[in-house]
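Please read the numbered points with the model open.

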Amino acid sequence: MENLLLPQEKFNEKRAGSLVGTITAVSEYLRLLYAMIGKCRDSSSRTFQGFSAKSSYGTCTSCNGTETVIDIDPARMIASELSLKHGAVLLWAGTICAPVFKIKALAKMIGIDYEKPLAEQDRRFMDILLYGYEQEPVSYVYKKKQATSFYRGCVTDLRYMRDAGTKSKGNLRAIRFFSKHVRCAACNGSKMAPELLAATIQGRSIVDTLRLPIQELLLFIRGLPHSLDVHELEVYSQVKDEIELRLVYLNKIGLKSLMIHEGE
């Protein structure tokens, strides 16, 4: 527990300050509490060993606590009213790069009509064009050379270029055009680190706990067991007390049914 940094100073209801600050401090202290004494769902081990001074209190590192990340938007990548011949796969439309020839060979191999609008064909073809075809590799000719490889899909291709740090202006333009904000898959929009989400206290996850009304959350905190060693108990008790002080205050002023985080 060395270098433990508490989210806020000791609470004093006579100088409570910002109500929003009091409420959000409960969330921060709860994250710290779960990190200290939470158990992994599939084992008896603790999830963390506590937060250091540089910690962000269990914030998801994938989205940095913003709930969303910028990712490729598959919905924009296929113009189903067009045929493959006329540029239905927008990422490669109008170019003469290798994927164009691979897609043409793929179409012939699995029965996509190259000159017929995709909207008039099997909708599964669009998923294949987006996400790839893994059943067998595609053989095609590019720059008079025979090549054989699996078709990865235009979503995978663009993500690969992005993650590889492409410097191509054309690729960067495509990445910007086909990207949008989406819910973070790592934390499922909770803004918290997956390790923290996996921890439970008395069978409750931190998400479950944050959705308890203030009055119920206060009862939950007061009922926590003292099953830690002397050093851990000293720090744990301080964190627990800070949560309880704030919940007592919030309950006292009438916010009995408020949830710290409602979410979905």
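1. The protein exposes about 15200 Å², and carbon and sulfur atoms supply 51% of that area (accessible areas come from the Shrake-Rupley method with a 1.4 Å probe; for residues, only the protein chains shown count as cover). This is a predicted model, in which local features need pLDDT of at least 70 and side-chain atom pairs count only at pLDDT 80 or more, while totals for chains, interfaces and linings use all residues. Residues are numbered from 1 along each chain as its sequence is written, and side-chain values use heavy atoms, with hydrogens and water left out.

2. The protein has nine helices and seven strands (DSSP runs numbered from the N terminus: helices are H or I of at least four residues, strands E of at least two). Of its 264 residues, 42% count as buried (under 20% relative accessible area; exposed is over 50%, partly exposed in between, with a 1.4 Å probe and protein chains only). Among contacts (heavy atoms within 4.5 Å) between residues at least 6 apart in sequence, 67% join residues at least 24 apart.

3. Two packed helices are described by the angle between their axes and the distance between the axes. Helix α1 (residues 19-37) packs with helix α8 (residues 214-222) at about 35°, the axes being 14 Å apart (axes are lines fitted to C-alpha atoms, for helices over the stretch in contact, and angles run from 0 to 180 degrees between N-to-C directions). The crossing of α1 and α8 is left-handed (the near helix is turned anticlockwise from the far one by less than a right angle). From α1, Val-26, Leu-30, Leu-33 and Tyr-34 meet Leu-217, Phe-220 and Ile-221 of α8. By class, that contact has seven nonpolar, no polar and no charged residues (Ala, Val, Leu, Ile, Met, Phe, Trp, Tyr, Cys and Pro count as nonpolar, Asp, Glu, Lys and Arg as charged, and the others, Gly among them, as polar).

4. Helix α3 (residues 124-131) and helix α4 (residues 154-163) have axes 4 Å apart, at an angle of about 15°. That makes α3 roughly parallel to α4 (an angle under 35 degrees). Leu-129, Leu-130 and Tyr-131 of α3 meet Cys-154, Val-155 and Thr-156 of α4. The contact of α3 with α4 divides into five nonpolar, one polar and no charged residues.

5. Which residues of α3 are buried? They are Phe-125, Met-126, Ile-128, Leu-129 and Leu-130, and they pack against α2 (98-110), β3 (133-142), β4 (145-151) and α4. After α3 comes Gly-132, with a positive phi near 105°.

6. Ile-78 lies in the loop between β2 (68-72) and α2. Ile-78 counts as buried because its relative accessibility is 12%. Neighbours within four places in sequence aside, Ile-78 contacts Ala-88, Val-89, Leu-118, Met-126, Leu-129 and Leu-130.

7. Lys-143, in the loop between β3 and β4, is a residue other than glycine with a positive phi, near 55°. Lys-143 counts as exposed, at 65% relative accessibility. Gln-202, in the loop between β6 (199-201) and β7 (204-205), also has a positive phi, near 50°.

Definitions and conventions:
Angles under 35 degrees count as roughly parallel, over 145 as roughly antiparallel, 65 to 115 as roughly perpendicular and the rest as oblique.
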